[in-house]
Amino acid sequence: MKKLQMLAFSLVEVTLAIGIAAFCLIAAFGLIPVGVQTNRNATSQTATTNIIASLIADMRATTASTSPQYGITFGTSKTLYFDGVGQFTTSLDANSRYQVSISFPSSPPSLSYADVKITWPAAATPANASGSVEMFAAFDRN
């Protein structure tokens, strides 16, 4: 008759296994805030890239001196504020998430250059903003 071997674990083995599992879980839980912050930054950078693309497209489609959608006059600096869903205003309000600064450095007569910088949060100064995206664009005004 064959003897059945019983598998059993001692209290020491069980304690070590629980300790190792706890260590792994604590390390994994410690990475959650880093992942959340990285996701928040990626979301903000994607939103600002879309805002810049929309602003540049509006300025490139402009045939007069003022853009139709955002009211940007070539050669005149302007500040706009955007909320989380992409709506803009010309003044800071409670829903503002991004601040857009548009400036026009000096350029040759046939070209216009625009420096577009977005910072967030909107109420922060560019020096203490938590994030920013900047783009330099050239426009042929002939």
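I began with threonine 73, which sits in the loop between H2 and E1. I note here that the model is predicted.

Is threonine 73 exposed or only partly exposed? I looked up its relative accessibility and found 28%. Buried means under 20% and exposed over 50%, so threonine 73 counts as partly exposed.

Next I listed what threonine 73 touches, leaving out residues up to four places away in sequence. The contacts are Ser65, Thr66 and Phe104.

I turned to threonine 119, which I found in strand E4. Its relative accessible area is 4%. The cut-off for buried is under 20%, so threonine 119 is buried.

Which residues does threonine 119 touch, not counting those up to four places away in sequence? I wrote down Arg97, Tyr98, Gln99, Pro126, Ala129, Gly131 and Ser132.

Last, I looked up the largest nonpolar core and noted 21 residues in it. Leu55, Met59, Phe82, Val100, Ile102 and Val116 have the most contacts inside this core. I then asked which elements each supply at least two residues of the core. They are helix H2 (32–60) and the strands E1 (78–82), E3 (98–103), E4 (111–120) and E5 (131–140). H2 gives the largest share, five residues. As background, I noted that nonpolar side chains tend to be buried together in soluble globular proteins.

Notes
Residues are numbered from 1 along each chain as its sequence is written. This is a predicted model: local features need pLDDT of at least 70, side-chain atom pairs count only at pLDDT 80 or more; totals for chains, interfaces and linings use all residues. Side-chain values use heavy atoms; hydrogens and water are left out. A nonpolar core is a set of buried Ala, Val, Leu, Ile, Met, Phe, Trp, Tyr and Cys residues joined through side-chain atoms within 4.5 Å. Buried means under 20% relative accessible area, exposed over 50%, partly exposed in between (1.4 Å probe, protein chains only). Helices (H or I, at least four residues) and strands (E, at least two) are DSSP runs, numbered from the N terminus. Contact means heavy atoms within 4.5 Å.
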